[in-house]
Amino acid sequence: MRLSTQERTALFIDGANLYAATRSLSFDIDYRRLLDYFGTKTNLLRAYYYSALLETEDYSPLKPLTDWLAYNGYSLVTKPAKEFTDAQGRRRIKGNMDIELAIDMLELAPHMDHAILFSGDSDFRRLAEAVQRKGVRVSVVSTIKTSPPMIADELRRQADQYIELADIAVEFTRKPSDSRPRPARDDDFA
């Protein structure tokens with residue numbers, strides 16, 4: 001993995017995608033350690049975390065996590081998730097944050113050297129290409145160690161660097177002996 005303290009770097013975390021990947025790999029993220037890890041390896045400008053939130057309930061299980069992130073160094077980007085009933089009568093939730101992530105990455109591109117995207121979503125291939133044309137190096141953090149792989153081939157090929165999540169997870173996995181209350185995990189809003 002190629003990281004440099006000389007590069008102005010920003011993290012772009014697709015919360016639902018990262019949660020799905022970590023759940024498939026059977027570990028929980030310690031977000032403080034994640035921030036510390038990239039903060040010591042790069043000149044970290046900002047860490048964005050994107051999540052759709054269900055506002056129809058009195059209490060969201062994501063609330064403790066999003067509150068903690070907002071007070072501990074992350075730029076939290078949220079929007080209300082939409083609830084609907086599918087053709088089979090099942091309750092579904094939709095809350096795609098792709099456009100918000102894309103706008104932020106493109107707006108920050110003139111001020112950074114390296115964008116690190118935590119997602120495997122193929123929709124981000126064109127975003128990676130557009131940011132690369134602006135002279136920004138793009139790394140993608142996801143996993144191929146699940147079945148099926150969590151990263152789209154076209155995004156992996158487009159990235160300047162692919163970082164296997166399972167290979168670096170030891171740096172920011174929540175330890176079982178961690179006495180801090182664990183924040184709620186991000187739900188799959190797709």
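User: Which residue is the bridge partner of F12 in strand 2?

Analyst: Before the answer, a word on the model: it is predicted, so local features need pLDDT of at least 70 and side-chain atom pairs count only at pLDDT 80 or more, while totals for chains, interfaces and linings use all residues. Residues are numbered from 1 along each chain as its sequence is written, and side-chain values use heavy atoms, with hydrogens and water left out. Strand 1 and strand 2 pair in the parallel sense over seven bridges (strands are DSSP runs of E of at least two residues, helices are runs of H or I of at least four, both numbered from the N terminus; two strands pair if DSSP finds at least two bridges between them). In strand 2, F12 is bridged to Y48.

User: Which residue in strand 6 stands opposite L11?

Analyst: Strand 1 (residues 8-14) has six of its seven residues buried, where buried means under 20% relative accessible area, exposed over 50% and partly exposed in between (1.4 Å probe, protein chains only). Strand 1 also pairs with strand 6, in the parallel sense over five bridges. There, the residue opposite L11 is I116.

User: How are the rings of F38 and F118 arranged, stacked or edge-to-face?

Analyst: The whole structure holds seven aromatic pairs; rings of Phe, Tyr and Trp (its six-membered ring) pair if their centres lie within 6.5 Å, and planes under 30 degrees apart count as stacked, over 60 as edge-to-face and the rest as tilted. F38 in helix 2 and F118 in strand 6 are 80 residues apart, so to speak from distant parts of the chain. Their ring centres are 5.7 Å apart with the planes at 85 degrees, so the pair is edge-to-face.

User: And what is the angle between the planes of Y48 and Y50?

Analyst: Y48 and Y50 are both buried. Their rings form a stacked pair, 5.9 Å centre to centre, and the angle between the planes is 25 degrees.

User: Why do the buried residues of helix 3 line one face of the helix?

Analyst: In helix 3 (residues 63-71), the buried residues are L65, T66 and L69. Seen down the helix axis, they fall within an arc of 95 degrees (taken from the directions from the axis to the C-beta atoms), so they line one face. They pack against helix 2 (31-41), strand 2 (43-53) and strand 3 (75-80), with contact meaning heavy atoms within 4.5 Å.

User: Is P110 buried or exposed?

Analyst: P110 is found in the loop between helix 4 (98-108) and strand 6 (114-118). Its C-alpha atom is separated by 8.4 Å from that of G135, 25 residues apart along the chain. With a relative accessible area of 58%, P110 is exposed.
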